[in-house]
Amino acid sequence: MESKLSIIVVEPDRDRALMIVDSLREAGDNDIHVISEISSLARRIAERSPDIVIVDLTSPTRDMLEELTLATSPLDRPVAVFADKSDDSMTKAAIEAGVSAYVVDDLRPERLQPVMAAAITRFNMFRRMRDELAETKRALEERKLIDRAKGLLMKARGIDEDAAYSLLRKTAMDQGRKISEVAAALVTAADLLS
Amino acid sequence: MTLTRLSVAFIPLTDAAPLIAAEEMGFAREEGLKLDLVRAPSWSSLRDMLAFGRVEAAHMLAPVPVAMALGIGGVASPISALSVMSVNGTVIGVSNELANKLKANDHDFGFRDAAAAGKALVAATDAPLRIGVPFPFSMHAELLYYWLEASGLPAPQGVSIRTVPPPLMAEALSANEIDAFCVGEPWGSKAVEAGVGALLLPGRAIWSFAPEKVLAVRTPWVAEEPALTGRLMRAVWKAGRWLSAGGEKTTASELLSRASYLDLAPEIIDRGLTGRFLINDRGDMRDDPHFVSFHQGAANFPWKSQAAWIASRIAARLGLDRAVAMDAARSVFRSDLYRRHLGMSGAILPGASEKIEGGIAEGTAVAAENGRLILSENRFFDGRVFDPSPEN
């Protein structure tokens, strides 16, 4: 029976942290610890001397973890980013998903693999949620703009809503632009003139 | 004309200006390039993006590719510094509490004299000084170690240098996690604006010709794409020349302030570009017209002696073989590629690729392959020089 892996998850958002911990639990019987406070991050991590540290690739706090690579004698015990460099597909998947991991150098790939796979799946889910949210927001903003532009046209030219929309669409097609872009230009112009 | 797309990573800093200007002002287009500028969230992720091929080139701290060549830090891929993108451009600031102590001791905040500021700091501190820098391998860290050691605050007894991401610097200062910082603009001015600190010195006051950022690519990429390498180098070099020409600073501040780049008010960015600083919240102003150089004095030439200086400092601190480290570092700064690709564009090429660092008191004419080369002032605040030749 091998000893448990000691894993630290650096994540300030509590809900996200809990979801990551859940997925890592499913990947094996590991000792998981969450750090949500970023002050003296490197020292807190060094105190626990974990096997793996998992952190969001897009978090600026990652640079604080770089100090860990120098924590002891820098060349004796390097802390590798993205685990085993021979496993290129895992590295790519991790970057794609936005996971970065710091791993002690002597950790065997087969022990790391399930943990990374779980983290990658979870982070991919976060990313999809974020993308969807951004997409919904954008669509909503565009709808609002188009509605305002339609309103402006209806008032200025005395046409109905369908005619206003057709006019926007035709202009967009003629100019090779998106309807939302034409609407934005019209709304900006109207704001300037009013 | 079809443009070749290149992904280039940058960190939101004033000295990312050459990349942003290359794309926005048409210098990339002149070379048939479209730069997809990718804003990186941290220096480590920028390094990983470059090392693992997510981007083709990056705006990199000059010591990072040197450290990678020495096998230190997380990733050790061979990276080439094609040119120096900027010389100097960092600023040292202190917390309001420390600023008050310095003032009480009659320090004048002259923003010029590193020896005087160092002496004042030593007199004002009793516990080890905690200083934030953006990355463990950075000119910020190297300048601080050099300055404080020579001022009588050697690490680790007298000073503890910690990593704090630039956008969090002001916060760390007000939370009393650090007493001082060294950071690239506009983040020093942001701390002043937030009312949490005062600016003490430009990094230039410690070493007046410190290579700050380099244009970095993967070394194998240079061999695979020799023509593209030259086109990228020329586009960025021309942008640097444009930035250093007078009167372009307002345009540059406006470009940098856009949401996809720095996303900050242009008047804050303007301070680092023009060297006109507000140093505290009482409205005191200081001028340093040479705060950052994007072009002048052969600023872009990647001197092998600069890489050797960085390596010799890191090696001494971490107990590595100094001569081996300096040799490994020399091969990172690609003066050969600079000569090959920029000579024809009008860049002045110095006769040698190494020089004695710290040995130039004021603008000095030196031998050049073409035209006339005036090297800018290059001195360390304590008057020491660094001779990179092997017997030293």
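Here is a short briefing on a predicted model, covering parts of chains A and B.

The model comes with an ipTM of 0.76 and a pTM of 0.84. Residues are numbered from 1 along each chain as its sequence is written, while chains are lettered from A and ligands numbered from 1 in the order in which they are written. Since the model is predicted, local features need pLDDT of at least 70 and side-chain atom pairs count only at pLDDT 80 or more, whereas totals for chains, interfaces and linings use all residues.

**Confidence in chain B**

- Chain B has a mean pLDDT of 92 (pLDDT is the predictor's confidence in each residue, from 0 to 100), and 98% of its residues reach 70 or more.
- Among the elements of chain B, the highest mean pLDDT, 98, belongs to strand β10 (residues 211-218), and the lowest, 77, to strand β14 (residues 364-366).
- A quick word on names: helices (H or I, at least four residues) and strands (E, at least two) are DSSP runs, numbered from the N terminus.

**Chain A at a glance**

- Chain A holds seven helices and five strands, and along the sequence they come as β-α-β-α-β-α-β-α-β-α-α-α.
- Of the 194 residues in chain A, 33% are buried (20 or more other C-beta atoms within 10 Å of a residue's own make it buried, 12 or fewer make it exposed, and in between it is partly exposed, with C-beta atoms placed from the backbone).
- Take the contacts in chain A between residues at least 6 apart in sequence: 60% of them join residues at least 24 apart (a contact means C-beta atoms, placed from the backbone, within 7 Å).
- Strand β5 (residues 99-104) of chain A has five of its six residues buried, so it is largely enclosed by the rest of the structure.
- That strand, β5(A), pairs with strand β3 (residues 52-56) of chain A in the antiparallel sense, over five bridges (pairing takes at least two bridges found by DSSP). One bridge has A:Val53 partnered with A:Tyr102 in β5(A).

**The open sheet in chain B**

- Five strands of chain B make an open, mixed sheet in the order β7-β6-β8-β5-β9.
- The edges are β7 (159-163) and β9 (197-202) of chain B; each has a single partner strand, so one side of each is left without a neighbour in the sheet.
- On average, neighbouring strands of this sheet are turned by 25° against each other, direction ignored.
- Inside that order, strand β5 (residues 90-95) of chain B and β8(B) pair in the antiparallel sense over five bridges, with B:Val91 standing opposite B:Val183 in β8(B).
- Helix α5 (residues 96-104) of chain B lies across β5, β8 and β9 of chain B and runs at about 85° to β5(B) (axes are lines fitted to C-alpha atoms, for helices over the stretch in contact, and angles run from 0 to 180 degrees between N-to-C directions).
- B:Ala180 is in strand β8 of chain B and counts as buried, with 25 C-beta neighbours inside 10 Å.
- Leaving aside neighbours within four places in sequence, B:Ala180 is in contact with residues including B:Ile92, B:Val94, B:Leu98 and B:Ile131. The C-alpha atoms of B:Ala180 and B:Val133 are separated by 9.1 Å, and these residues are 47 apart along the chain.

**Helix α16 of chain B**

- In helix α16 (residues 335-342) of chain B, the buried residues are B:Ser335, B:Leu337, B:Tyr338, B:His341 and B:Leu342. Seen down the axis of α16(B), they fall within an arc of 155°, so they line one face of the helix (the arc is that of the directions from the helix axis to the C-beta atoms).
- The cover over these buried residues includes β4 (79-88), α10 (219-224), α11 (226-244) and α14 (304-318) of chain B.
- One of these, α11(B), packs against α16(B) at an angle of about 80°, with the axes 10 Å apart. The two helices α11(B) and α16(B) are therefore roughly perpendicular to each other (under 35 degrees is roughly parallel, over 145 roughly antiparallel, 65 to 115 roughly perpendicular, and the rest oblique).
- Where they meet, α11(B) brings B:Thr229, B:Gly230, B:Met233, B:Arg234 and B:Trp237, and α16(B) brings B:Leu337, B:His341 and B:Leu342.

**Backbone details in chain B**

- B:Asn88, in strand β4 of chain B, has a positive phi of about 65° although it is not a glycine. B:Asn88 counts as buried, with 27 C-beta neighbours inside 10 Å.
- B:Asp263, also not a glycine, has a positive phi near 55°; B:Asp263 is in the loop between α12 (249-256) and α13 (266-274) of chain B and counts as exposed, with 11 C-beta neighbours inside 10 Å.
- The peptide bond from B:Glu185 to B:Pro186 is cis, with omega near 10°, and B:Pro186 is in the loop between β8 (180-184) and α9 (187-193) of chain B.

Methods:
Contact = placed C-beta atoms within 7 Å.
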